[in-house]
Amino acid sequence: MILLAAVIVGTIVLGSIYALMAIGLNLIYAVAEVVQLAQGDMLVVGAYVGYLITRFVPNLFLAEIGAIVGCGLLGVVVQLLLFRPLAGRGHLPPLVAGLMLGTAIEEGLRATFFQGNPVRYPSGATLSTSLFNVAGVPISEAQVVIVAIVAVLAIGLNLLLNRTKLGLAMRAVAERPACARMLGVPVATVVTLGFGLGSALAGAAGVLIAVVFSYITPFIGIDLGFVALAICLFGGLGSLSGAVIGAFILAFTEQVTTIYIASSYKDAIAFTLIIVVMVFRPSGLMGRLVAERP
Amino acid sequence: MSNAGYRIHFRPSMKTSIYRLQVLGYAAAFALTAIAVGPANARAAGPAEPIQIPVLSSQTGPGASYGENNVTAMEMAAAEVNAHGGVLGHPIALEVQDTQSSPSQAAILVRQDAAKYLAALGPNLSNDAKAAFPVAVQLKFPMVSSGISDARIMVANRPWTFSTFIPAQVLAASATETWVKRTGAKTIVAIVNNQDDASAIQESLMQAAVAKDGVKVLKVITVASRQPDYSAEVSLVKSLAPQGIIVGDLPPDAGAIVKALTTAGVDVPVMISMNAFTPDFLTVAGKSARNVSTFTEFWSGLQEPAAKKFTAAYLRKSHGVPPGLSAVTSYDSVLLLADAMRRAHVTGLGGSTTQEREALIHALAATKGFHGLLQSYDIGSEGYRTGAGFYLRITNGVVSLAK
């Protein structure tokens, strides 16, 4: 029973964070049609912004807000200076630019923060107090707060996309950018804002990862960025609901494999599952079978 | 527009001509000064021409924190060597080369260095050494590393490579047997990072040691580097209810595992591998490290005068980052190479020869009673340092030497 409860709790907590990472990446792809390979590093920037804030005020919520604002602004700047000039030059240059940006961020953070030595949030911000037990599995304050923060952000994003003019414009640009332009939507501005929003979500995920992870280094985003990309491909590139479903399936597969088979098979089984789905549904679980966006 | 127009446009004015004359005058004066001073400087520098020693170190990439800390210690050691007359009257100068934490890059650097230098220091990571050492053997190029935790790497690369690190094969078994006796654990769970060679090897040695004492290994749980969450593994450990846990992982990840175990209420003795115990482990685990044991060759809290002096000097250079074990072994690697060069009467200046390199490795292999930073030791026939380590206990984040 304890193991089953551990699987469920682990899936909810880890799946929530994975979902946040993947939604950000998918949002960027949907509006800008760019696979942002530095998304994992944006997450790390968010984690470090949170670290700086918690050094002065050990408050997780302030760290979240700071990371969202900081990474959102960084995303806007990166889109304007790096990805906008590369728009329309094919898929490869933005991919390479993302990779290079990721390396620059990693090395920049390493040079800035204690030679890349691990740092951790002060204990006041990590909320490690155990609140209650679920079938023998202790649930910490942090786990509850993480799920709550992700839920609030997901609901907020849903409202933004479905109940506001900006959201309508983003959806229009994601669906038919040419038509949106003809209808007077400032496509370039919407793409920039979408990029900023996707980066802000990565920043939010970064702070949560720092809490779960116990420590941060400039390099924790390498694997996580890859996981986010895999989830997006699995759920369907550009599909926000696909990102959420994909995130929870991946988290569930990882937890079940770790507990009932062996941790060493965790990645092998999870990623084989993704490959199998992609073979039968190349556009992912919730992706549309559209080769090129008009 | 005609060509004449261009000529008129670019004809130098009187003012420009004067300026040119001034520039020519300064250049001539500079050239004369250089001619006069140059040979004098060359003559003065002749007897004290520095011996360049390349240092293969992970300055960037995931191993960067190790690399930068090691270089800090190596620079301190080089200053020490030079303050005592250098090597045969020549100061030594370290040339740090970045392996980028990449074995292939480490191998490329060895190939380049073998064409230019007498010997090299490094690499500081076992994974890099696995690729770099065979190249050194092939090119007959002496290398002295400071971070090889697996004796098999040294054995496979005789006679051209050496290490100032006591391998896990020597320390892990005895320390784990001590831990079993102290804790009385009869059942254990092993948590190991198979992606890191050093961790995996130490973990397997520790498992072998406990098995020898009749301890039952209930399960071996493998984890990955930089894993975001250990809740599943911790729940698994909890369900097995072991009397002890041994962890073989990189320092921050081992710290995160210990923290996750404590947070989940798993309160049994934990033994961590030697490579897991660095200041990073303590940074991450903090007070969650309630009942942890480990073994090492150095700890910055040691009260020996030499250790205290080194730690104080290191902290001034590292902006407060305390030295780990590899800082001490890096320091020793510089002293050892300089000492061997003196004994072999080689400098490599003017192009190193095969005879010089052979003389150097013979001197390294014949090292007996070498005065390292903390202890005197030999270099064994398999190229690595011999000696004993310390058994440490960490209680509520505080490290103490076990009696």
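**Helix H12 of chain A**

I looked up the buried residues of H12(A) and found A:Lys266, A:Ala270 and A:Ile274. I call a residue buried if 20 or more other C-beta atoms lie within 10 Å of its own, exposed if 12 or fewer, and partly exposed in between, with C-beta atoms placed from the backbone. Residues three or four places apart point the same way because an α-helix has 3.6 residues a turn.

This is a predicted model: local features need pLDDT of at least 70, side-chain atom pairs count only at pLDDT 80 or more, and totals for chains, interfaces and linings use all residues. Residues are numbered from 1 along each chain as its sequence is written, while chains are lettered from A and ligands numbered from 1 in the order in which they are written.

I then checked the other face of H12(A). Turned away from the buried side are the exposed residues A:Ala268, A:Thr272, A:Ile275, A:Val276, A:Val279 and A:Phe280. Cover for the buried residues includes helix H10 (221-235) and helix H11 (240-261) of chain A. Helices (H or I, at least four residues) and strands (E, at least two) are DSSP runs, numbered from the N terminus.

**Nonpolar core**

I took a nonpolar core as buried Ala, Val, Leu, Ile, Met, Phe, Trp, Tyr and Cys residues joined through C-beta atoms within 7 Å. The largest one has 216 residues, and A:Met21 is among those with the most contacts inside it. Helix H1 (residues 2-32) of chain A gives the largest share, 19 residues. I also looked at A:Met21: leaving out residues up to four places away in sequence, A:Met21 touches A:Leu43, A:Ala202, A:Ala205, A:Leu224 and A:Ala228. Contact means C-beta atoms, placed from the backbone, within 7 Å.

**Where chain B meets chain A**

I counted 30 residues from chain B and 34 residues from chain A in the contact. On the chain B side, H9(B) gives the most, seven residues. By class, that side has twelve nonpolar, eleven polar and seven charged residues. Here Ala, Val, Leu, Ile, Met, Phe, Trp, Tyr, Cys and Pro count as nonpolar, Asp, Glu, Lys and Arg as charged, and the others, Gly among them, as polar.

**Chain B overall**

I noted 14 helices and 14 strands in chain B. Of its 403 residues, 53% are buried.

Technical notes
Two residues are in contact if their C-beta atoms, placed from the backbone, lie within 7 Å.
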